[in-house]
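Me: Got a model open here and I'd like to talk it through. Can we start with the rings?

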Amino acid sequence: MTLKEYVDQAQTFFEHLVETASDDELFAGSYIQGHFDLAVGYAQLEELALTIEELNNNIEKSLVKAYRGGELSDEDKAHVVAVWERLKDISE
């Protein structure tokens, strides 16, 4: 799978959440999408040729920084982690 295909599938994943997710999953998906879009946008702006693994690592670092900064409650963090794992599964 190419990075572009992964990004496209991730966008489809986020759109599907709107139709099927619980409120907590929808919040988590939106939260992750913000981090995802920021990482993709930065890579495009800097013209970085990232692999899917590198993109996911950048997103995960951003999420961990947010967790450590106290941006999420423990419950919200648990939902974000669960949705993030589901999203990463589409790249395998």
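Reply: The structure holds 4 aromatic pairs, where Phe, Tyr and Trp rings (six-membered ring for Trp) pair if their centres lie within 6.5 Å. This is a predicted model, so local features need pLDDT of at least 70 and side-chain atom pairs count only at 80 or more, while totals for chains, interfaces and linings use all residues. Residues are numbered from 1 along each chain as its sequence is written, and side-chain values use heavy atoms, without hydrogens or water.

Me: How are the rings of Phe 14 and Phe 36 arranged?

Reply: Their centres are 5.8 Å apart and the planes sit at 75 degrees, so that pair is edge-to-face (over 60 degrees; under 30 is stacked and the rest are tilted).

Me: Which helices do those two come from?

Reply: Phe 14 is in helix α1 (residues 3–20) and Phe 36 in helix α2 (residues 23–45), so the pair ties together parts 22 residues apart in sequence. Helices here are DSSP runs of H or I with at least four residues, strands are E runs of at least two, and both are numbered from the N terminus.

Me: Phe 14: buried or exposed?

Reply: Phe 14 is buried, with a relative accessible area of 5%. Phe 36 is buried too, at 0%. Buried means under 20%, exposed over 50% and partly exposed in between, using a 1.4 Å probe and protein chains only.

Me: Which residues do the ring pairs link into a cluster?

Reply: Tyr 6, Phe 13, Phe 14 and Phe 36.

Me: Switching topic. How many helices and strands are there?

Reply: The protein has 4 helices and 0 strands, so the order along the sequence is simply α-α-α-α.

Me: What share of the residues is buried?

Reply: 34% of the 92 residues.

Me: What about charges, how many positive and negative side chains?

Reply: There are 7 positive and 20 negative, and the centres of the two sets lie 7 Å apart. Lys and Arg count as positive, Asp and Glu as negative, with His and chain ends left out; each charge is placed at NZ of Lys, CZ of Arg, CG of Asp or CD of Glu.

Me: Last one: what is the phi of Glu 47?

Reply: Glu 47 has a positive phi of about 55 degrees, although it isn't a glycine. Most residues other than glycine have a negative phi. Glu 47 is in the loop between α2 and α3 (52–68) and counts as exposed, at 71% relative accessibility.
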